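Subject: Structure handover

Hello,

Please find the structure below. My notes on what was found in it follow.

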Amino acid sequence: LNRDFLRFSAIIAICSGFHFSALIMMPFYFFFPYLNKLRYVLMAFLIALLIKFCLGSLLDYIIGFFLEDLTGSSQFKVTDYLKMIDDGSAGLGVGFFERLFLLIGLFYVRQLASDKRFINLLISFLAFNICLSIFFYDFPVFYLRFRYYFIVVNCLAYPLILYFIKEKIIYLIFLFVYGIFWILVVTLGNPLLYLPYQNYFQVNMLGD
């Protein structure tokens with residue numbers, strides 16, 4: 001928000017010390033002033049689609065070219081990454097469309113807010129995240145990691161949107177439907193983990 005590039009770069013550098021994937025945030029500094037404007041958001045989505053479908057094979061070729069110079073565990077990891085791309089086993093899930101819904105909601109409530117700087121930040125984060133999701137939708141290891149880099153936006157956007165809902169019945173219905181929906185998504189997606197906490201009781205209580 002304060003456009004301090006040195007401070008921003010230092011923070012990202014520290015984060016990349018934990019995992020190199022944090023470097024994906026570097027372009028965000030330059031995209032931020034534009035990604036909170038609807039026309040630029042739509043242009044960014046279109047560019048991400050074009051890059052994905054038109055240049056995706058070129059990216060595979062470049063990675064494969066450098067693969068020959070890698071050795072040991074690095075070569076093994078990159079080989080697995082390329083296999084993930086070929087498998088295309090991720091796809092755009094429910095969370096992707098949830099983020100689209102949140103983006104629309106934030107654009108709506110921004111008209112009602114007096115201070116728009118924080119909302120602009122959330123909009124930019126979401127737009128950047130959706131662009132990454134489009135670009136890496138068939139690359140599970142990146143798609144899932146980048147999704148969780150931005151999960152804090154969901155936690156901040158929902159209370160913000162609900163704050164501007166004046167009809168309390170809509171507020172309650174929304175919370176109820178949203179809560180039940182995600183409980184179903186999580187439990188059905190992980191049937192062995194959430195039955196209900198059967199693994200916990202079997203391992204810790206019964207010693208199985």
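A definition comes first: the expected span of a helix is 1.5 Å times one less than its number of residues. Helices (H or I, at least four residues) and strands (E, at least two) are DSSP runs, numbered from the N terminus. By that rule, the 19 residues of H6 should span 27 Å, and this agrees with its end C-alpha atoms, which are 27 Å apart.

This is a predicted model, in which local features need pLDDT of at least 70 and side-chain atom pairs count only at pLDDT 80 or more, while totals for chains, interfaces and linings use all residues. Residues are numbered from 1 along each chain as its sequence is written, and side-chain values use heavy atoms, with hydrogens and water left out.

Overall picture

The protein has 10 helices and zero strands, so that from the N terminus on its elements run α-α-α-α-α-α-α-α-α-α. Of its 208 residues, 31% count as buried. Buried means under 20% relative accessible area, exposed means over 50%, and partly exposed lies in between (1.4 Å probe, protein chains only). Contact means heavy atoms within 4.5 Å.

Helix H5 covers residues 94-110. Its 17 residues reach 24 Å from the first C-alpha to the last, close to the 24 Å expected. Buried residues of H5 include Gly95, Phe96, Glu98, Arg99, Leu102 and Leu103. Further along, Gly105, Leu106, Phe107, Val109 and Arg110 are buried too.

Helix H6 runs over residues 117-135. H6 is mostly covered, with 15 of its 19 residues buried.

Helix H8 takes in residues 151-163. It has 13 residues and reaches 19 Å between its end C-alpha atoms, close to the 18 Å expected. In H8, the buried residues are Val153, Asn154, Ala157, Tyr158, Leu160, Ile161 and Leu162.

How they pack

Two packed helices are described by the angle between their axes and the distance between the axes. Axes are lines fitted to C-alpha atoms, for helices over the stretch in contact, and angles run from 0 to 180 degrees between N-to-C directions. Angles under 35 degrees count as roughly parallel, over 145 as roughly antiparallel, 65 to 115 as roughly perpendicular and the rest as oblique. A crossing is left-handed if the near helix is turned anticlockwise from the far one by less than a right angle, and right-handed if clockwise. For residue classes, Ala, Val, Leu, Ile, Met, Phe, Trp, Tyr, Cys and Pro count as nonpolar, Asp, Glu, Lys and Arg as charged, and the others, Gly among them, as polar.

- H5 with H6: the angle is about 155 degrees and the axes are 10 Å apart. The two helices are therefore roughly antiparallel to each other, and their crossing is left-handed. On the H5 side, the contact includes Phe96, Arg99, Leu102, Leu103 and Leu106; on the H6 side, it includes Ile119, Leu122, Ile123, Leu126 and Ile130. By class, this contact has 14 nonpolar, three polar and two charged residues.

- H6 with H8: the angle is about 130 degrees, with axes 10 Å apart. That makes H6 oblique to H8. The crossing of H6 and H8 is left-handed. Phe118, Ile119, Leu122, Phe125 and Leu126 of H6 meet Val153, Leu156, Ala157 and Leu160 of H8. By class, the contact has nine nonpolar, no polar and no charged residues.

- H5 with H8: the axes come within 10 Å and cross at roughly 45 degrees. H5 and H8 are therefore oblique to each other, and H5 passes H8 in a left-handed crossing. The contact is made by Glu98, Arg99, Phe101, Leu102, Gly105, Leu106 and Val109 of H5 and Asn154, Ala157, Tyr158, Leu160 and Ile161 of H8. By class, it has eight nonpolar, two polar and two charged residues.

Single residues

Phenylalanine 101 is found in H5 and counts as partly exposed at 45% relative accessibility. Leaving aside residues up to four places away in sequence, phenylalanine 101 touches Tyr158 and Phe174.

Leucine 46 lies in helix H3 (residues 38-67). At 51% relative accessibility, leucine 46 counts as exposed. Between leucine 46 and isoleucine 134 there are 9.6 Å in space, C-alpha to C-alpha, although the two are 88 residues apart in sequence.

Arginine 3 lies in the segment before helix H1 (5-16). Most residues other than glycine have a negative phi. Arginine 3 has a positive phi of about 60 degrees although it is not a glycine. Its relative accessible area is 36%, which makes arginine 3 partly exposed.

Regards
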